[in-house]
Amino acid sequence: MALFFLVFPRCASGSERSYGALLLNSYHSGFPWTDGITEGIRSTFESGGLRINLDVEYMDTKRTSSVRAVRAFGEYFRTKYADKRPDILLSSDDDALVFLLRHGKELFPGVPIVFCGLNNPGFIDSGGDARVTGVFEEMDIPGTVELMLRLFPQTRNLALVSDLSISGMGSVSLVRKALAPFLDRLKVVDLLGFSGDELRDELSMLSPDTAVLLLVYFQDDAGEYYSPARSVALVNSAGPFPVFGLWSMMVEGGALGGSVLIAERHGALAAEMALRILRGTPPSEIPPVADRHLVPVFNYREMVRFGLSRFDLPAGSVLLSEPETFLYRHWKLLLANALVLSAALVYLLALFINERMKKAAEKDLKLKKAQWEGLFRNAPEAYVVFDGANDIVTINDGFTRLFGYTRKEVAGKNLDSVVADFPGIRSEAENNSSRVLSGETVTGESCRRKKDGALVPVEYMGVVFPMRDETFTGFAIYRDISERKKAEDEMLKNLKREALISSVSARLLEEGVRGGVPPSLEDLAAFFGVSRGCLVETDGDGIPVREFSLSEGRVEFLSSPEVSAVLSPEALKGLNLYLWETGKLVLESSPRPGGKEVPRFAGELLELWGDPLHFQPVYSGGAVRGFLVLRLAGVPLHHSDEALLAMYCDLAGSAFLRDRRINIMEEAGRMLDSASRGIVEILGQALAMKDPYTVGHQINVAGLARAMAKKGGYDEAFQERVYYAGLVHDLGKITIPSAILSKPGRLTDIEFSLIRNHALYGWDILSSVDLPWPLADIVVQHHERLDGSGYPKGLRGDAIGREARFLSVADVVEAMTSHRPYRPGLGIVAALDEIRSHRGGWFDPEAVDLCIAVIEEGFTFDGGSYRLFLP
């Protein structure tokens with residue numbers, strides 16, 4: 001039975017289900033907060049009773065963050081976890097949760113998410129995803145400030161230190177709200193977004209009665225990363241200010257203290273939620289919670305610096321870096337005992353000194369000799385000793401490693417004949433040797449020849465030492481600087497690469513496709529030393545549209561692509577699909593062992609452009625819309641060169657897309673312009689038959705509003721919107737009886753209410769028509785006033801569109817100036833006085849000023865233009 005029970009649990013555990021969990025951290029491994037959360041989650045899973053395989057990933061957004069990096073991270077997830085679907089997803093901090101909310105449904109459909117370390121509840125409130133729950137950070141700002149004032153009651157200034165990251169500014173916002181009850185006792189000084197040196201200078205100028213609350217300072221304004229320990233050390237170096245934090249990692253990094261969140265406990269809360277979900281509880285039944293497990297934590301070393309003791313702290317406080325209690329309490333006794341013991345040892349050692357000194361002196365000479373011989377033999381550089389004839393006496397192991405010669409092979413040979421036997425180098429080396437033998441110390445950089453004939457770049461030094469017999473010994477050192485030279489060459493190449501990117505970007509973005517592609521492609525070819533290739537733009541089916549052919553370093557634009565005449569449509573479509581699936585294509589006539597399978601159309605491509613070839617897709621509008629092919633001297637390319645080609649193709653794709661959009665916009669503009677004129681004619685004819693005065697009024701208002709927009713420097717699109725809206729702004733009057741429109745006397749209340757509804761009638765008519773401008777919204781607002789006294793909705797201020805503000809001014813001026821059946825025109829002077837008197841109240845100040853300006857410059861109304869719309 002005992003054996004049965006021993007075996008049975010193992011069998012049961014072997015059949016127990018194993019769960020997969022993926023933890024995505026916003027920051028990097030080694031970041032204290034991230035490591036603490038990870039440890040809390042891992043330890044909770046290990047003791048939770050379930051078999052869980054935890055994978056941990058890091059986004060590293062504290063040090064690197066870009067759209068390209070996030071896109072690459074998504075591709076990395078898609079590849080790595082294609083066949084490895086986790087049962088639960090966990091995220092730490094905001095960036096990781098945002099990534100999972102945006103991409104989780106695609107990458108891990110249906111997998112629940114548990115977050116922690118979240119500063120912004122808005123991500124969850126706006127998401128409304130029933131599969132998401134977790135733990136919010138709740139910073140104890142009042143508790144930390146109370147600790148600060150309790151320990152330093154003389155504090156009058158509170159310096160808030162933060163970077164300008166999303167987390168940093170979110171923390172600043174929360175702190176400002178929480179500090180409201182303390183503003184009668186503290187003056188808050190904002191030190192936000194400074195570089196390290198600037199922050200140190202700003203802090204050093206603060207008064208001594210200042211305390212510092214260090215929030216989130218992990219990146220300065222130049223993007224340099226600061227760890228918690230580094231940011232605390234920076235603040236501490238600025239002056240004798242007590243530094244407080246809101247997270248345990250700040251106190252661990254050297255801050256004095258604070259009422260802080262503990263990272264391990266925070267992660268454990270999230271892991272407990274994840275265990276509940278894995279046991280069957282839906283995430284929708286586990287509401288998000290705030291971590292209120294806040295502990296007063298202090299750094300012992302900082303307490304000593306500020307003269308604080310444990311008795312000054314509140315009950316339950318945790319001390320970090322505190323020395324061992326016994327040593328701390330009895331150090332004087334231990335020191336006294338150590339001194340007594342040391343004195344005894346010194347006394348005992350003194351008994352042996354005389355005898356030891358003789359033996360030590362004998363060994364000293366041998367030791368020094370051995371040390372110098374060991375130093376010479378084991379030095380990493382190449383050492384060589386030569387005599388007055390420049391013949392080699394001996395070499396060290398470093399010389400053998402660098403040049404390949406043994407001691408026997410070079411002993412007695414001329415130094416220059418061994419390491420400088422190469423055209424152009426021998427004379428330079430012999431000149432250096434003569435200078436050294438004459439007593440000069442010579443240093444420099446050059447190349448030297450190895451035993452196998454290869455040249456190696458070296459840094460050298462030669463010197464001679466006089467001997468007692470009036471002779472001298474020469475000594476030379478050679479240091480291999482191949483890596484440094486390689487790095488310098490790479491730096492120069494990077495500089496050229498950056499200059500090329502700048503030049504190509506400027507050409508493609510400023511000069512467009514035809515003007516920018518040929519010179520930019522020639523620059524790219526010159527950088528790679530390429531003489532043949534081409535850049536091809538294709539349509540959505542992979543058929544070439546345009547070709548920029550590269551031959552002998554020169555680019556020719558071919559509106560009828562020659563590539564389509566040489567390659568079959570099947571080959572072109574196959575190339576297009578291959579580039580979409582793999583991202584690039586490298587072809588050689590003799591494929592490398594273990595390389596990818598060569599596409600069927602490879603032979604046609606090699607026959608057309610030669611060998612080897614590098615193909616790079618051109619993405620435009622989210623699809624492959626072309627390719628760049630270059631005949632290179634060697635493949636594969638260095639990753640930085642591949643990145644350069646990819647960047648060039650991205651810029652070319654953007655140029656292609658912009659070119660297509662410009663063509664589409666020009667064609668659409670022509671169509672819209674034609675349609676708009678037709679609509680205006682139809683509406684004008686309809687309204688002219690109803691009320692010729694209204695039609696003329698609309699045309700005049702449209703002309704004045706457009707002149708105002710043009711005077712104000714608004715673009716053509718705005719001018720069109722305001723003009724066409726002006727042409728139909730009173731269209732709603734077509735539904736009002738003519739007897740009311742032309743009534744010569746005073747209108748009744750009912751008649752006036754019908755007139756006021758013409759803006760709504762106009763909106764009803766225009767909103768049913770598909771137009772390129774939002775005419776209905778403009779028309780319905782043209783009687784609204786900035787102070788809310790207008791109609792039909794009583795809108796105020798910015799709720800009224802700018803086009804409607806222009807129309808309202810032009811409408812009043814034209815209406816007061818023109819004659820009507822029920823009254824004569826009041827004149828332009830009265831009209832301008834009217835809009836001046838209500839400037840800023842009823843009417844937009846800018847619109848009033850522009851109207852007055854164009855009238856004063858000679859604008860007049862065309863009293864007969866409306867007849868163009870009469871039948």
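Where does Ser-207 lie? In this predicted model, Ser-207 sits in the loop that runs between helix H8 (196-204) and strand S8 (210-214). Ser-207 is partly exposed, since its relative accessible area comes to 28%. Once its neighbours within four places in sequence are set aside, Ser-207 touches Asn-157 and Phe-241. Thr-155 is 52 residues away from Ser-207 in sequence, yet the two C-alpha atoms are 9.9 Å apart in space.

Helix H30 (residues 802-817) packs against helix H32 (residues 845-856) at an angle of about 45 degrees, and their axes are 9 Å apart. H30 and H32 are therefore oblique to each other, and H30 passes H32 in a right-handed crossing. On the H30 side, the contact is made by Arg-802, Arg-805, Phe-806, Val-809 and Val-813, which meet Glu-846, Ala-847, Val-848, Leu-850 and Cys-851 of H32. Sorted by class, that contact has seven nonpolar residues, three charged ones and no polar ones.

As for confidence, the chain has a mean pLDDT of 83, with 90% of its residues at 70 or more. Among its elements, strand S3 (residues 88-92) has the highest mean, 95, while helix H1 (residues 2-15) has the lowest, 45. The pLDDT is below 50 over residues 1-15, a stretch with two contacts in the model beyond near neighbours in sequence. Residues 864-871 also stay under 50, and there the model has 16 contacts beyond four places in sequence.

Technical notes: Residues are numbered from 1 along each chain as its sequence is written. This is a predicted model: local features need pLDDT of at least 70, side-chain atom pairs count only at pLDDT 80 or more; totals for chains, interfaces and linings use all residues. Side-chain values use heavy atoms; hydrogens and water are left out. Axes are lines fitted to C-alpha atoms, for helices over the stretch in contact, and angles run from 0 to 180 degrees between N-to-C directions. Helices (H or I, at least four residues) and strands (E, at least two) are DSSP runs, numbered from the N terminus. Angles under 35 degrees count as roughly parallel, over 145 as roughly antiparallel, 65 to 115 as roughly perpendicular and the rest as oblique. A crossing is left-handed if the near helix is turned anticlockwise from the far one by less than a right angle, and right-handed if clockwise. Contact means heavy atoms within 4.5 Å. Ala, Val, Leu, Ile, Met, Phe, Trp, Tyr, Cys and Pro count as nonpolar, Asp, Glu, Lys and Arg as charged, and the others, Gly among them, as polar. pLDDT is the predictor's confidence in each residue, from 0 to 100. Buried means under 20% relative accessible area, exposed over 50%, partly exposed in between (1.4 Å probe, protein chains only).
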